[in-house]
Amino acid sequence: MIKGFKEFILRGNVIDLAVAVVIGAAFTAVVNSIVGNIFNPLISAIFKADSLDNALDVPIGDATIKFGAVVGAIISFVIVAAVVYFVFVYPLNLVKERAERLRKKGVVEPDAPVTDLDLLTEIRDILQAQQSPPQATGKHSDPQV
C-alpha cells in the first residue's frame, strides 16, 4: 500500500501538476497586479467612478439590477485576457517561432532548450540504428575476389 502511494506521488504527472498549480498561482498574482494597478485606475478615471459596480444601477421596486457590475466583470475579463496574451503568450510565441526558424536553417543556439521534437528525433535515430543489421568490419569482412 505504501509502495503504491510512493509510486503515485513520484509519478511525473503528479509532480508536473503540482508545479503547474504553484506557477499558476504566481502567474495569477502577476496578472491581477497588472490589471488592478494599471488598467483598473485607467477605467476609473475614464468613467469617473471608483468602481463600475454601482455606476449603472437600475432600481426595480425593492431590487436593483447592477449592470455596472456585469460590465465591469466583462471589461476585467477582456483586460486580463489581453494582458495574458500580449505580455506572456505573444512574446513567447515570437521566441518559439524564431527558434523554429533557426532550427529549420540548421542553426541551433548553444543555449537553446531541448524541445519534444529534438527528443523524438533523437529517439528515432537511436531506434533506426538499433534495427539496422550490423555491418561487418575488419580485414575478413570484404569478399575476396
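Predicted model: local features only at pLDDT ≥ 70, side-chain atom pairs only at ≥ 80, totals over all residues.
Of the 145 residues in the chain, buried residues make up 8%. The accessible surface of the chain comes to about 12300 Å², and carbon and sulfur atoms account for 66% of that area. Contacts between residues at least 6 apart in sequence give a view of how the chain meets itself: 35% of them join residues at least 24 apart.

**Annotated segments.** An unreviewed UniProt entry carries the annotation "transmembrane region" for residues 12-35 and 67-95. Helix H3 spans residues 67-105, while helix H2 covers residues 12-47. Within helix H2 sits Pro41, a residue that counts as partly exposed at 41% relative accessibility. Once residues up to four places away in sequence are set aside, Pro41 touches Val35 and Gly36.

**Aromatic pairs.** A search of the whole structure finds 3 aromatic pairs. In one of them, the ring centres of Tyr85 and Phe86 are 4.9 Å apart and the ring planes meet at 85 degrees, so this pair is edge-to-face. The angle lies over the 60 degrees that this class requires. Another pair joins Tyr85 to Tyr90, with ring centres 6.0 Å apart and planes at 45 degrees, so the arrangement is tilted. Tyr85, Phe86 and Tyr90 form one aromatic cluster. As for the accessibility of its members, Tyr85 is partly exposed, with a relative accessible area of 37%, and Tyr90 is likewise partly exposed, at 39%.

**Nonpolar surface patch.** Which residues make the nonpolar surface patch? Leu56, Val58, Ile60, Ile65, Phe67 and Val71 make it, and the patch amounts to about 460 Å². Two secondary-structure elements, strand E1 (57-60) and helix H3 (67-105), each supply at least two residues of this patch.

Leaving aside neighbours within four places in sequence, Val58 is in contact with Ala63, Thr64, Ile65 and Phe67. Ile65 and Phe67, named among these contacts, are also members of the nonpolar patch. The C-alpha atoms of Val58 and Gly68 are separated by 9.3 Å, with the two residues 10 places apart along the chain.

**Salt bridge.** How many salt bridges does a search of the whole structure find? The search finds 1 salt bridge. Arg124 forms a salt bridge with Asp125, and the closest N and O atoms of the two residues are 2.9 Å apart. Arg124 counts as partly exposed at 44% relative accessibility, and Asp125 also counts as partly exposed, at 37%.

Key: Residues numbered from 1 in each chain as written. Heavy atoms only, no water. Phe/Tyr/Trp six-rings, centres within 6.5 Å; stacked < 30°, edge-to-face > 60°. Buried < 20%, exposed > 50% of the residue type's maximum accessible area, 1.4 Å probe, protein only. UniProt positions renumbered as here; feature names shortened; annotations may be inferred. Salt bridge = Lys/Arg side-chain N within 4 Å of Asp/Glu carboxyl O. Patch = residues over 30% accessible without salt bridge, like charges linked within 9 Å, V, L, I, M, F, W, Y side chains within 5 Å. Areas by Shrake-Rupley, 256 points an atom, 1.4 Å probe, with all protein chains shown as cover. Helix = DSSP H or I, 4+ residues; strand = E, 2+ residues; numbered from the N terminus. Contact = heavy atoms within 4.5 Å.
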